[in-house]
Amino acid sequence: MAEHEWMNDIRALVGKEYGRVRAWDQVNAPMIRQWCEVMGVDPARYTVQGEVTAPPAMLQVWCMEGFHLNNYPPGSTTENPYEALKMMEAHGLASVVAVNSELTFGRDVREGERLYYTTRLDAISPEKTTALGTGYFVTLVMTFFSEQPGGDEDVGQLLFRVFKFRAANPVKPAAAAPAPVAAKRPLPGISDDTRFFWEGARAGKLLIQRCQGCGLLRHPPGPVCPGCHSFEWDTVQASGRGTVYSFVVMHYPEVPPFDHPNPIALVELEEGTRLIAQLVGVQPGQVRIGQAVQVEFNTFNDGELVLPQFRPVAAAQAAQGVAA
Ligand code: ZN
């Protein structure tokens, strides 16, 4: 079969050497210990006459990008060693499957060595048709070096080959994916001491516990007054007006069904007690200490749960409230 003309530019890349990808860290004992822990091997195996060496299969580990995509250390190449694959994609060879990988170890690497690797586009096969589709086998070889004052040393190689192809039978998206089940909010634990609060919320009332002995308001609810130790209590209905006494903005973990970032305030009620609640109707970066807020009651979990939440009061309304 005659070669596609568009393959000429791609084939011209065969043999190209791409620049260095450097390592963030030197070969180090903590990383070796953690890798061994994950793999279930004894790191002591790799300490030879008091010298820490890395398990050979860790070769790739030292030059990995880290937690964030494409986060390579300064001095690393900005070239894309996979450009041939990108160019094939532009001609409809969208699929890829890894075919084989061969690691070759030159010598052990020791604690304190700093590695880097370079990549060579080693080979592109003639066009092939397989059960998966039609495309090309592409072979890349990464060579790992240890930086040495007397000249960098080749310590190992990784060859990997992929089949880059146009799928014979493109995978069709599933007809009707089931609708994801919406995550529910966790329900509060309700006891005889706290039931009034949640029943109040259901009725659209913010109820605060009041000691019948000394009149002290307390929240969260409890059986005994911390002031006079009386067990007798009733409740008052708070106005729901208050100010942000303190707050946090939760960024992680992002747990459904909560919004993220998630602003949560310690609200000082005008009655003088404080409670913790989620803020709504405010950008997380706009929350301020002392900001006037007003309670509202919102329903969750298909009516199963009603929560008091607080919304910032517009400045004008706040002024009106003070005047009233
Ligand atoms: Zn009391």
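Which residues of helix 4 are buried? I'll start there, and keep in mind that this is a predicted model.

The buried residues of helix 4 are Phe196, Phe197, Gly200 and Ala201. They span an arc of only 135° around the axis, which places them on the same side of helix 4.

Just after helix 4 comes glycine 204, with a positive phi of about 75°.

Now one contact in particular. Phenylalanine 196 sits in helix 4, residues 195-202, and tryptophan 233 sits in strand 11, residues 233-237, so their pairing ties together parts that are 37 residues apart in sequence. The ring centres of phenylalanine 196 and tryptophan 233 are 5.2 Å apart and the planes meet at 50°, so we call the pair tilted. Are the two partners buried or partly exposed? Phenylalanine 196 has a relative accessible area of 12% and is buried. Tryptophan 233, at 26% relative accessibility, counts as partly exposed; the cut-off for buried is under 20%.

Next, the sheet that strand 11 belongs to. It is an open sheet of three strands, in the order 10-9-11, and the pairing is antiparallel. Strand 10 and strand 11 are the edge strands, each with a single partner strand, so one side of each has no neighbour in the sheet. Strand 9, residues 207-211, is mostly covered, with four of its five residues buried.

How many bridges join strand 9 to strand 11? There are five, and the two strands run antiparallel. One of the pairings has leucine 207 with glutamine 237 in strand 11 as its bridge partner. Towards strand 10, residues 217-218, strand 9 pairs over two bridges, again in the antiparallel sense. Glutamine 209 is bridged to arginine 218 of strand 10, and arginine 210 is bridged to leucine 217 of strand 10. The hairpin of strand 9 and strand 10 has five residues between the strands, and in it glycine 215 takes a positive phi near 85°.

Back to aromatic rings, this time across the model. A search of the whole structure gives eight aromatic pairs. Ring pairs also link Phe137, Phe163 and Phe165 into a cluster.

Two arginines lie over ring faces. Arginine 20 is over the face of tyrosine 116, at 4.0 Å from the ring centre. Arginine 274 is over the face of tyrosine 245, at 3.6 Å from the ring centre.

Methods
Residues numbered from 1 in each chain as written. Predicted model: local features only at pLDDT ≥ 70, side-chain atom pairs only at ≥ 80, totals over all residues. Heavy atoms only, no water. Phe/Tyr/Trp six-rings, centres within 6.5 Å; stacked < 30°, edge-to-face > 60°. Buried < 20%, exposed > 50% of the residue type's maximum accessible area, 1.4 Å probe, protein only. Lys NZ or Arg CZ within 6 Å of the ring centre and 35° of its normal. Pairing = 2+ DSSP bridges. Arc of directions from axis to C-beta.
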